[in-house]
Amino acid sequence: MAADLSQIVKAYDVRGVVPDQWDEGLAELFGAAFVQVTDAGAIVIGHDMRPSSPGLAAAFARGATARGADVTLIGLCSTDQLYFASGHLGLPGAMFTASHNPAQYNGIKMCRAGAAPVGQDTGLSDIRALVERWSDEGAPEPAAEPGTVTERDTLDEYAAHLLSLVDLSGMRPLKVVVDAGNGMGGHTVPTVLAPLPLTVVPLYFELDGTFPNHEANPLDPANIVDLQQRVLAEQADLGLAFDGDADRCFVVDERGEGVSPSAITALVAARELAKHPGGTVIHNLITSWSVPEVVREMGGTPVRTRVGHSFIKEEMARSGAIFGGEHSAHYYFRDFWNADTGMLAALHVLAALGSADVPLSALVHQYDRYHGSGEINSTVDDQAARLAAVRAAFASRPGVTIDELDGLTVTSADWWFNLRPSNTEPLLRLNVETRDPATLAPLRDEVLSLVRTTA
């Protein structure tokens, strides 16, 4: 009987509970299917610190080599380190991680050579179809000559590449608290930050895929409490928090206050536009109004996209954009094969603060111009019906525009909100932004009452 992959193959990756939903046997089939779909003669594989990651990565490698592909194993790495290896070596890649999900989960993020994304429309659906067929009919015949396996440590090369992309000369000494959340930031941060004039205060750098201290998801306020307290106790200049696979970075200022990822997007966009005048910057539709404003003020062209890394990367490739940012703290760089790297964004923040004579809160104030709700999730029985009810309630209001690029975005002169369905859960996700702080709560509550009504 074919494997039921409906619960683990997502829009952009594979992710589920090990071994209940998938295991090394399936990982081996995924390796064989990945090689066939990408027509790869060689691939690169990395993994995070989860207990199941080494075994899954090895099984994937067995499937790939059985189909004749040569495999380069880079071992423990962050997801953006795998993207670096894919770009630097010119090879398709597979990263074994479940990012910020709990310890019992694991998954695969796959890319083509040059870190180009593999999503549902760019190969993932074909990989799924092969795995389902082979799990039912049996694995394909092995290649006449199996591929080889070699090991390579790319950490130093990865760090050197990142440091080459940001001017860090002349920066003043800073004290920074870094919360790695027992994830891969504990592996990459010491090497990347070592050459800089920083006093690094480490929090939870021990690699532990059971996440004994807190979930490795810095967008949840509960998971940055320790970082905030430590920044204040150390009188540090800033704090950085990485998620489990260290491809996202969240920033805390010297007051222990979280800095909006939209403000970081605007700050980095301004710096990249200073290097590349007139460039295009991608932002998704739930980033702050401040992002396109800053891009225009710097002489750049902002381009609005749907939420999700495959959409950002595709648009960056199409438009030749120099940078892209999402409110989820994913940051994408043309100089990094259009891939996302929280570490490079962190280096930009350090460089900007290190060359300024003001604290971080003052530095980012110019980029944080409006008032946002953050993302609010609501469990609903019928996503389409609730979206239609909200649309009907606002469609006839004067001065309001509506678009459906990604869910429902309603905009007026003084506020906007976006309500979009989750692709994997029975949720609607709400983001609200207003010019006047007094407007925020009433608008938020009005929309939520429409979403959460049982009528």
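## Asn 101 and its contacts

Two residues are in contact when they have heavy atoms within 4.5 Å of each other. By that criterion, and leaving aside neighbours within four places in sequence, Asn 101 is in contact with Arg 15, Arg 50 and Phe 211. The model discussed here is a predicted one.

Asn 101 sits in the loop that connects β4 (93–96) with β5 (105–112). Its relative accessible area is 16%; buried means under 20%, so Asn 101 counts as buried. The side chain of Asn 101 makes a polar contact with the side chain of Arg 15, at 3.1 Å. Asn 101 and Val 17 are 84 residues apart along the chain, and their C-alpha atoms are separated by 9.8 Å.

## Strand β5 and its partners

The loop holding Asn 101 leads from β4 to β5, and these two strands pair with each other in the antiparallel sense over 4 bridges. Within this pairing, Ala 94 has Met 110 of β5 as its bridge partner.

Strand β1 (residues 14–17) also pairs with β5, again in the antiparallel sense and over 4 bridges. Here Val 17 stands opposite Tyr 105 in β5. Of the 8 residues of β5, 6 are buried, so the strand is largely enclosed by the rest of the structure.

## The β5–β6 hairpin

Strand β6 (residues 116–117) runs antiparallel to β5 and is joined to β5 by 2 bridges. Arg 112 stands opposite Ala 116 in β6. The hairpin formed by β5 and β6 has 3 residues between the strands, and Gly 114 in this hairpin takes a positive phi near 75°.

## The second largest pocket

A separate feature is the second largest pocket, which has a volume of about 230 Å³. Its lining consists of 14 residues; His 283, Leu 285, Trp 289, Pro 292 and Arg 304 are the ones that lie nearest the centre of the pocket. By residue class, the lining divides into 6 nonpolar, 6 polar and 2 charged.

Several elements supply at least two lining residues each: β13 (280–284), α9 (290–297), β14 (301–305) and β20 (408–411). The most comes from β14, which gives 3 residues to the lining of this pocket.

Definitions and conventions
Residues numbered from 1 in each chain as written. Predicted model: local features only at pLDDT ≥ 70, side-chain atom pairs only at ≥ 80, totals over all residues. Heavy atoms only, no water. 1 Å grid on protein atoms, 1.4 Å probe; cavity = no way out; pocket = protein on both sides within 12 Å on 5 of 7 lines; lining within 4 Å. Points joined across faces, edges and corners; volume = space filled by probe spheres on them. Nonpolar A, V, L, I, M, F, W, Y, C, P; charged D, E, K, R; others polar. Buried < 20%, exposed > 50% of the residue type's maximum accessible area, 1.4 Å probe, protein only. Polar contact = N/O pair within 3.5 Å; in protein donor to acceptor, adjacent residues only side chain to side chain. Pairing = 2+ DSSP bridges.
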